Amino acid sequence: MRGSSPRMTAKNLCEADYIPKMRPQDILVPVAAGLCCKPGDFYIDPVRPVERAVITHGHSDHARSGHGAVLATQETLDMMRLRYGDNFAGRTQAIAYGEELKLGDVTIKFHPAGHVLGSAQIAVSCKDICIVASGDYKDAPDPTCAPFEVVPCDVFITEATFGLPVFRHGDAADEIRKLLASVALFPERAHLVGAYSLGKAQRVIALLRLAGYDAPIYLHGAMEKITRYYESRGVALGELRLVKGIKKADLAGTITLAPPSATSDVWTRRFPDPVTAFASGWMRVRARARQRGVELPLVISDHADWNGLTATIDATGAGEIWVTHGQEDALVHWCTAKGLAARPLDLVGYGDEDESDAPPVGEDAGA
Ligand SMILES: [Zn+2]
């Protein structure tokens, strides 16, 4: 625990002489299966089956099936059950935000990450060192999940999905206004919005409601289960209808949410002259929108942008930053220039949440 001072006895005075001071890398270390906590005997977001997994959130690149035991928030466990079925893990245990749990020689505590419903940062404390593994996070407001919480720590592990100064997401409400302006401009056309099924789709719907849009919103069948789950957790989304069975002419002037992959296949033929939109932080890159045939790019991201990443690093007060999954180099450089110890973690297997719509690392590095 941070700040605790164990009583000095002859025994631990003697140990202090011989046992070197614990270093952060003795608590968490990147290995092929993921981020390994040896003193706690668990892995955070392992990409291979392990005996004990502690999971930050429900996206498929972080939450995989086949572990012996899974510790996560109730929402993350429920999302894993929806995706993988009842036997997704040998055992499960739910932990609430703010709850502390002793695992082996470490204490862990979950804090909201603001990324999707149930997403958490995991603080791992051992002796007087606290490391926070933030998973995916955003500091921007999101009506569908608990807001990101700054957790003071010694070592902060940050994602770097949008770890380049070119990425500034702006206000998501402005993007929603763009979508509604297009719907008003083209009442005879359908609007098809590509969005990740877990998190982004529900956030777009909630933002449309906040903007005063109260018409029914249509869903691709693949989004139904997770969207209904959000509603069951108290996220109000207004009237939702499945597209299936609706006549083509009746979809004129409507908005439909669909997985990004569906917006470019034959499924779109059931819509009258569809306007294709895509809600993603990658839509800041024009070439990327063009390449996907997106007519209406909406820059709405569930990851922190450059300003969010750097402001968060500052706010944690951490002296050491470990950077993972994304565009690590610029962020490591920024930290080093500020006098912080920083290094890339080189974890592989992340950044393919849901329909693998995030480009491979580095693809947009020059954009
Ligand atoms: Zn994620």
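A residue is termed buried under 20% relative accessible area, exposed over 50% and partly exposed in between (1.4 Å probe, protein chains only). The model is predicted, so local features need pLDDT of at least 70 and side-chain atom pairs pLDDT 80 or more, while totals for chains, interfaces and linings use all residues. Residues are numbered from 1 along each chain as its sequence is written, and side-chain values use heavy atoms, without hydrogens and water.

Trp 267 and Phe 271 are both buried. Aromatic rings of Phe, Tyr and Trp (its six-membered ring) pair if their centres lie within 6.5 Å; planes under 30 degrees apart count as stacked, over 60 as edge-to-face and the rest as tilted. The structure holds 6 aromatic pairs. In one, the centres of Phe 162 and Trp 282 are 4.6 Å apart and the planes meet at 50°, so the pair is tilted. Phe 162 and Trp 282 lie 120 residues apart, and their pair links distant parts of the chain. Both Phe 162 and Trp 282 are buried. Trp 267 and Phe 271 pair edge-to-face, at 5.0 Å between centres and 65° between planes. Tyr 137, Phe 148 and Phe 156 form one aromatic cluster.

Two arginines sit over rings. The criterion is CZ of Arg, or NZ of Lys, within 6 Å of the ring centre and within 35 degrees of the ring normal. The charged end of Arg 189 is 5.1 Å from the ring centre of Phe 186. For Arg 343 over Trp 322, the distance is 4.7 Å.

Note on methods
Helices (H or I, at least four residues) and strands (E, at least two) are DSSP runs, numbered from the N terminus.
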